[in-house]
Protein chains: 2
Amino acid sequence: MRKERLIIIGGVEAGLGAATQARRLNPDMEIIVFEKTEFISYGLCGMSYFIGGDIPDYNNLIIYKPSYFKNNRNIDVQIKKEVIDVNSKEKYVIVKDLENGGKEEKVEYDKLVIGTGARARKLNIEGSDLKNIFTFRDLKSAIEIKEVIKNEKPKNAVVIGSGFIGLTMVEAFVKNGIKTTLIEKEDHILPSFSNDMSNLVLKELKAHNVEILTGVSVDAFLGNEKVEKVSVNGKFIEADIVLISVGVIPNIEIAESAGCEILNINGIKVIRVNNKMQTSVPHIYAAGDCTHTFHYITGKEKYLPLATITDKQAQIAANNICGKSSIYKGTVGSYVERVFNLEIARTGLTEKELIENGFKYDEKVVKSRTRAGYYPGGDRITLKVFTECGSNRILGAELIGGEFVAKRIDILGLAIFNNMKLSDLYHIDFAYTPPVAPSRDILWIASVK
Amino acid sequence: MRKERLIIIGGVEAGLGAATQARRLNPDMEIIVFEKTEFISYGLCGMSYFIGGDIPDYNNLIIYKPSYFKNNRNIDVQIKKEVIDVNSKEKYVIVKDLENGGKEEKVEYDKLVIGTGARARKLNIEGSDLKNIFTFRDLKSAIEIKEVIKNEKPKNAVVIGSGFIGLTMVEAFVKNGIKTTLIEKEDHILPSFSNDMSNLVLKELKAHNVEILTGVSVDAFLGNEKVEKVSVNGKFIEADIVLISVGVIPNIEIAESAGCEILNINGIKVIRVNNKMQTSVPHIYAAGDCTHTFHYITGKEKYLPLATITDKQAQIAANNICGKSSIYKGTVGSYVERVFNLEIARTGLTEKELIENGFKYDEKVVKSRTRAGYYPGGDRITLKVFTECGSNRILGAELIGGEFVAKRIDILGLAIFNNMKLSDLYHIDFAYTPPVAPSRDILWIASVK
């Protein structure tokens, strides 16, 4: 009789996280990871810093190579192998070797983890297939963009979509000396933030000579083989390189073929899981950007493709596979990004979600400093916090400042996790010393005002 | 009939905090602040950075002058005025003018706030009255130390006591090019930290050529008018300047004279207050370093002279004076200091307090990084966390690292405030982006391991 076998589809964060945790808990199980690209185990969130030049070589982003998993963890990571079908009744997958003439192989599993992630959404408009139009979702695209910058020295870049990926790519282009235009179809950039808070980011972008167009949409790409112009509401913008960052599409096709239930969250289709990361099909689990999370405040399913969520989900899937009962409790939705000299973070519900969920809420804006006023250095920091009318419970927050933003948003996330009122923060100690923190932290000030 | 009158004794943080808050709540009340020194409203915690040179002028530390309070807040701040007696039956104070021939005046009050702070403890040994032996508790001493450094160019400094004030003064001397020796009578420096954690600080001090002597006591100071040598266990150490930082003595004398109940906490006498900051005598309140706090975990009175605690207590005293009922809930005891390139912080109970309070506890040490490993910059960070055996409740933590320590200790403080288990932190989101935070925060790692 063969050993118990765990098959994992996808060799980036979810897949390798699950594989590593399963091995930790079960030294005997056979573990095979199939990854269809040539890259595994890399820092997806670091790619724009490789393009921008902060990280000199993409190899720095690659954490482990397949041989590491083979030799050190007894995990069989196979690259350029695509799982093209799952038979969940007879419990096997069909794997296609993307080299060697596309040979197909049937491999049985006892447990299966789907960690297929998500792909970048493209724009289906005229000229979309011109060269130098990129999306940005895997290391291959990052390497290609870097090559174009190096070899063709583009003068003008257009970034479409002003979420966090769009903004960090704007910075990356600017750091390469490329004149950059940012295009957002909503009425302000960073649409998950409120208008006045996003204006702080707008100023920072303008200070770095970024052109910004909001409330407009892209009609077409023009060019001869390579992109040359972007048509925006009928006007032309010069562009030697274009980056499209208008959201992602979860890779659910293989889960669908296995019969897993699919959930539609505001038009985004994801693999439905329970709080043990089990899909609707026995023995099949899912984790990461191909599936959803649960929001602590609403209890509802939410799509939020974040590395921190993926990491936790992968561990929890592996725990349950290996008989260690483990519950995924969900997320308060904290995340952070740095764009030029600003750290931008949020937690809890967005204003749009507050409205959609029928909350009656107050908002409060506080401006302060990151360190003692009399100490050199330090920077401005601005908080917007949403609280429930009447109860004063914290429902969400946006925080933007020059430094020390990430851990402050974590404090607010923890407060939300504990159902705290904003006024409760008055009773908290905020550790103080002039060089690194002010005597009255912005979060404490918010609790009083 | 005269207006309702609030008298405040002490014009630094507690006194002016209470005065300002009272004025905010009550535009009519007469508010008089008596301060016996010439300095009011200054950043006590910034003094060592003035000596070290990070802050060029002590005037930068002075936040407001008496005229500001007079003109902008209608608060009568009188400097060089010492309250020498309180008659709590007839509700008046006797104020001595430290200029103008020591004229004494009787001033009636309706409410009284005692914000007299604490003075530095001295060593009663031979030679203690030699010149250039300093303690460090008010701006005057800081200015004098700076003058000595400037005019006499001392070559050798000795710092006695390795708490946070001692350590920041070691840094200040070193930054002035002075060869510095640190003396601690306990077996390791930073006695409120555990031995292995304090060793990280020891290494940092040694890297800056600081001599360190532990487990020794100072017998005498030697010199001719000025200090020249410090005798330590019979051996002589060269010293042109000495800083003694061996704790503080709360200034309770005026409260005692008013008949306020005094509390002895492990040999430190403080003014006893309730959770409205009322002393045992009607109409008399106390706040800041002359009084105590309450520890969230034990519920017991604790002496912890911290600016953040003072600030809150002063506000709460003023709230209650002005009829806005307000409860002081206590502290988890979070604080932070930066010494050279290390941020050093703690929260909750110290190991000593855990033992004294009969807790059965586990400890866990985690070492990690402050940012994504592949991103340039970032630094090491080490956590020791104490949890209750069985329940896994967080009882205390020590955190030392190159950056981003302060807000992480606040997260742990907030977790303690909410009675969280260490394992609960597993379910928290820690916002991640490579330039400012790692995908697995050290606090999250601690929850798993």
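I take the expected span of a helix as 1.5 Å times one less than its number of residues. The model I am reading is predicted, and I keep that in view throughout these entries.

**Entry 1. Helix α4 in chain A**

I first looked up helix α4 of chain A, residues 139-152. It has 14 residues and reaches 20 Å from its first C-alpha to its last, close to the 20 Å expected. I then asked which residues of α4(A) are buried. I noted A:Leu139, A:Ser141, A:Ala142, A:Ile143, A:Ile145, A:Lys146, A:Val148 and A:Ile149. An α-helix has 3.6 residues a turn, so residues three or four places apart point the same way. Just after the helix I found A:Lys153 with a positive phi of about 40°.

**Entry 2. Helix α4 in chain B**

I repeated the search in chain B. The end C-alpha atoms of α4(B), residues 139-152, are 20 Å apart, which agrees with the 20 Å that its 14 residues should span. Its buried residues include B:Leu139, B:Ile143, B:Lys146 and B:Ile149. Among the elements that cover the buried residues of α4(B) I recorded α2 (47-52) and α5 (164-175) of chain B. B:Lys153 follows α4(B), and its phi is positive, near 45°.

**Entry 3. How the two chains are related**

I next asked what rotation superposes chain A on chain B. The rotation is 180°, with 0.0 Å of shift along its axis and an RMSD of 0.0 Å. That is the relation of a two-fold axis. The same surface serves both copies, since 100% of the contact residues of chain A recur in chain B.

**Entry 4. The parallel sheet of chain B**

I traced an open sheet of five strands in chain B, in the order β9-β16-β10-β11-β12, and its pairing is parallel. The edge strands are β9 and β12 (211-214), each of which pairs on one side only. Strand β11 (residues 179-184) runs parallel to β12(B) and is joined to it by four bridges. In one of these strands, β12(B), I found B:Glu211 as the bridge partner of B:Thr181.

**Entry 5. The antiparallel sheet of chain B**

I also traced an open sheet of three strands in chain B, ordered β4-β5-β6, with antiparallel pairing. Its edge strands are β4 (81-87) and β6 (104-108), each pairing on one side only. From one strand to the next, the twist averages 30°. Strand β5 (residues 92-97) is joined to β6(B) by five bridges. B:Ile94 stands opposite B:Lys106 in β6(B).

**Entry 6. A hairpin in chain B**

I then turned to strands β14 (residues 226-232) and β15 (residues 235-238) of chain B, which run antiparallel and are joined by four bridges. B:Val232 has B:Lys235 as its bridge partner in β15(B). Two residues lie between the strands of this hairpin, and B:Asn233 takes a positive phi near 45°.

**Entry 7. A:Asp240**

I located A:Asp240 in the loop between β15 (235-238) and β16 of chain A. A:Asp240 and A:Lys131 are 109 residues apart in sequence, while their C-alpha atoms are 9.3 Å apart in space. Not counting residues up to four places away in sequence, A:Asp240 touches A:Asn132, A:Pro154, A:Lys155, A:Asn156 and A:Val227.

**Entry 8. A:Ser368**

I found A:Ser368 in strand β25 (residues 361-369) of chain A. It counts as buried, at 19% relative accessibility, because the cut-off for buried is under 20%. Leaving aside its neighbours within four places in sequence, A:Ser368 is in contact with A:Asp379, A:Arg380, A:Ile381, A:Arg440, A:Ile442 and A:Ile445.

**Entry 9. Cysteines**

Lastly I asked how many disulfides there are over all chains. With sulfur atoms required to be within 2.5 Å, the count comes to zero. For A:Cys260, the nearest cysteine sulfur is that of A:Cys290, 9.6 Å away. A:Cys260 counts as buried at 5% relative accessibility, whereas B:Cys389 counts as partly exposed at 33%.

Conventions. Residues are numbered from 1 along each chain as its sequence is written. Chains are lettered from A and ligands numbered from 1 in the order in which they are written. This is a predicted model: local features need pLDDT of at least 70, side-chain atom pairs count only at pLDDT 80 or more; totals for chains, interfaces and linings use all residues. Side-chain values use heavy atoms; hydrogens and water are left out. Buried means under 20% relative accessible area, exposed over 50%, partly exposed in between (1.4 Å probe, protein chains only). Contact means heavy atoms within 4.5 Å. Two strands pair if DSSP finds at least two bridges between them. Axes are lines fitted to C-alpha atoms, for helices over the stretch in contact, and angles run from 0 to 180 degrees between N-to-C directions. Copies are superposed by least squares on the C-alpha atoms of residues with pLDDT of at least 70 in both.
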